[in-house]
Amino acid sequence: MSSHYEAPIREPLVLGDKSYHDISVDVGAPVLGKANKSWWIVFTISLIAFLWGLGCIIYTVSTGIGVWGLNKTIGWAWDITNFVWWVGIGHAGTLISAVLLLFRQKWRMAVNRSAEAMTIFAVVQAGLFPIIHMGRPWLAYWVLPIPNQFGSLWVNFNSPLLWDVFAISTYLSVSLVFWWTGLLPDFAMIRDRTNSPFQKKIYSILSFGWSGRVKDWQRFEEVSLVLAGLATPLVLSVHTIVSFDFATSVVPGWHSTIYPPYFVAGAIFSGFAMVQTLLIIMRKVSNLEDYITVLHIEYMNKVILLTGGIVTVAYLIEYFIAWYSGVPYENYAYLSFGAATGPYWWAFWALIICNLIVPLSLWVKKLRRNIVWTFIVALIINIGMWFERFDIIVVDLSKDRLTSSWAMFQPTFVDIGTFMGTIGFFFVLFLLYARTFPVIAQAEVKTILKSSGASFKRLRAVHGDDHSHVQTVEEYPADAGPAANILDKNFESPFNSSSEDVEKNSVDFEKDKGKIDDLLNAIGTFNPDTETQDDLKKINGVGPVMEQKLHQLGIFTFDQVSRMTDREYDLLDEIISEFPGRAKRDDWAGQALILKNKN
Amino acid sequence: MASKKIHAIYTDDDLLMQAVKQTRATNYHISEVFTPFPVHGLDHAVGLAPTRIAITSFLYGLVGLSFAVWMMNYIMIEDWPQNIGGKPSFTFYQNMPAFIPIMFELTVFFAAHLMVITFYMRSKLWPFKKAENPDLRTTDDHFLMEVEADNHDVEILTKFLYDTGASEISLIENEQDH
């Protein structure tokens with residue numbers, strides 16, 4: 001029997017006393033439940049931004065690129081800045097799901113689904129810019145090598161912009177199938193749990209009839225591994241190819257061999273910052289704090305530190321080489337004395353402060369594990385990495401070789417509106433995703449529950465590493481041979497209903513009269529004429545017997561349970577003495593509050 | 001002809017694993033196992049052959065690489081050998097550095113997509129396919145082992161499965177048209 005051993009030094013990745021079923025319930029809850037008000041508010045704002053951006057795009061395409069702030073010197077500015085920014089953001093998703101899979105990092109499991117979603121939605125935004133920044137976007141299909149009536153006029157395979165087409169489309173499509181294949185078991189879980197016939201139909205289609213056969217799982221794991229193996233070089237190549245747009249040119253500041261690895265590091269840096277931004281909100285809104293823990297946030301902060309360090313080194317090298325080359329033109333490149341003191345000095349220093357200085361605070365463990373600070377740093381990095389691309393593109397173009405061509409760039413409202421629009425579109429997609437997709441790969445999290453779950457770690461600490469993890473504390477059921485199946489003992493989770501004793505299920509009213517009155521005074525009484533009773537069994541930790549006891553006490557609704565505090569828990573423990581501390585440990589009040597709001 | 005099968009449901013992956021090993025050791029035939037998540041080592045315990053899907057992926061990658069080389073050689077060198085920015089278009093290898101990004105991308109594209117399609121075909125997964133897990137709980141937290149009962153005494157087999165720790169055992173009789 002596998003021991004699920006994990007070094008005790010490792011902190012748990014799944015908090016709380018979770019069973020496999022609890023994971024399904026928690027992951028399924030946002031999908032099976034209803035959207036709350038804040039979701040609708042944020043969704044509406046995003047939708048408005050998206051529609052505004054759509055208007056800007058239509059205006060651009062129908063009127064001409066001249067509505068943007070570009071000029072003859074600076075032919076690329078916000079369009080390609082935003083393109084590179086969005087592609088960069090997408091990279092963290094593949095990094096989490098592919099590279100961390102190759103490194104067998106268990107912590108990826110709670111974040112990979114959302115990170116992959118972020119990849120796909122970010123690449124969709126990025127993919128808009130190569131089209132809309134064209135002068136004649138209706139001829140965009142000419143970039144494809146399709147046999148045609150012009151004597152078969154082909155494309156030129158020497159251009160990095162064509163490589164971009166292949167890179168981005170491969171990246172998007174491979175990420176999509178990787179993500180979708182991973183989703184099949186989770187869609188199947190939703191399909192089998194939902195009560196609504198409409199949802200059942202939809203998730204049947206989405207889950208492709210996934211049944212969870214052992215052979216399917218064997219292939220599934222192999223496919224995931226091979227896709228991870230393919231996606232890892234892919235993610236490195238995609239941003240490399242994006243960096244070739246600049247690195248293969250002759251523009252001072254662009255023509256630089258450090259770009260491919262430095263762009264990739266920057267992409268992971270900014271991508272992780274975006275993952276932090278999204279997940280810190282999501283864990284709160286979707287009640288997933290037991291799965292996306294402070295430990296996950298700290299791990300991601302460490303990746304941010306590492307990649308931010310690589311980016312810093314790259315900046316220093318650029319700075320050094322610009323000076324060391326002795327080429328006078330390099331003095332106006334984006335990382336040089338000319339840039340630091342020139343007309344774009346503010347963009348230069350924004351980059352240095354946001355990308356080099358602020359992330360250094362994450363070296364402090366307290367700050368690295370501080371959720372609010374992480375959120376702020378992540379936002380700052382996102383801004384800083386936008387400036388990095390802006391600086392590379394605009395600063396280098398603004399002062400090129402001929403002084404007669406020097407120019408400045410001023411964005412118009414269309415430039416800005418289009419960018420806002422893509423942010424809106426991104427959040428529209430992400431918010432819809434968060435309501436309809438299982439946002440945590442529950443099938444994967446279940447595989448690490450016994451090795452990295454808090455409760456199992458506790459069991460191991462008490463009973464030793466070789467303790468059986470069949471879900472009971474007392475016995476190893478079939479270890480002693482097939483005849484060891486002891487009735488009613490082995491099939492109960494130690495976390496659910498194990499301590500509920502059917503024999504003693506009545507409450508001694510006479511003795512505890514005072515305490516019961518005290519309890520009901522604090523949490524309110526139930527009036528059967530005006531209120532309806534709730535199914536208290538929905539609270540994790542309340543079984544049929546416990547519910548019966550609560551009913552005897554006069555507790556019938558989530559509302560009542562949600563008003564319980566430490567004092568009421570103690571009272572309850574005194575009245576029902578069989579399993580003290582239970583209610584508090586399971587946070588019945590917190591659970592009841594969530595359930596109450598759902599109704 | 002009627003075929004009889006026994007569905008034994010377990011509530012724990014370690015218990016299932018042990019039951020699978022014991023069932024195999026007793027020479028009962030396990031026809032299928034349904035689990036909510038990948039149980040590591042279960043395929044080995046059930047006695048499944050390793051999957052060859054990674055090999056297909058390698059071959060698809062070779063196809064993609066060949067396609068990229070053929071396409072760019074034909075277009076850039078044979079069909080229109082033009083001078084674009086002074087790049088040497090006389091032979092494939094002279095201009096090859098510029099072709100490498102697309103050679104790489106197409107290799108990955110073919111290897112990834114054709115392998116995934118192969119997986120979907122082999123495992124019979126597609127949008128309107130009906131799910132075939134016999135118990136809805138097997139995608140949540142239950143584990144189902146299906147054992148052939150045709151040539152066995154059902155009583156003894158049931159007792160055996162109960163002893164392996166099954167929490168529910170049911171006899172399934174399939175009427176098949178032949």
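## Burial and cysteines

A residue is called buried when its relative accessible area is under 20%, exposed when that area is over 50%, and partly exposed in between, with a 1.4 Å probe and protein chains only. In this predicted model, Cys56(A) counts as buried because its relative accessibility is 3%, and Cys354(A) counts as buried at 12%. A search of the whole structure, over all chains, returns zero disulfides, a disulfide being a pair of cysteine sulfur atoms within 2.5 Å.

Glu568(A) lies in helix α20 of chain A, which covers residues 566-575; helices (H or I, at least four residues) and strands (E, at least two) are DSSP runs numbered from the N terminus. Glu568(A) counts as buried because its relative accessibility is 4%.

The side chain of Glu568(A) makes a polar contact of 2.5 Å with the side chain of Thr565(A); such a contact is a pair of N or O atoms within 3.5 Å, where within protein one must be able to donate a hydrogen and the other to accept it, and residues adjacent in sequence count only if both atoms are side-chain atoms. When residues up to four places away in sequence are not counted, Glu568(A) touches Leu519(A), Ala522(A), Ile523(A) and Arg563(A), contact meaning heavy atoms within 4.5 Å.

## A strand pair in chain B

In chain B, strand β2 (residues 30-34) is mostly covered, with four of its five residues buried. Strands β2(B) and β3(B) (residues 143-148) run antiparallel and are joined by four bridges, where pairing requires that DSSP find at least two bridges between two strands. Phe34(B) has Leu144(B) in β3(B) as its bridge partner.

## Basis of the values

Residues are numbered from 1 along each chain as its sequence is written, while chains are lettered from A and ligands numbered from 1 in the order in which they are written. Local features need pLDDT of at least 70, side-chain atom pairs count only at pLDDT 80 or more, and totals for chains, interfaces and linings use all residues, while side-chain values use heavy atoms, with hydrogens and water left out.
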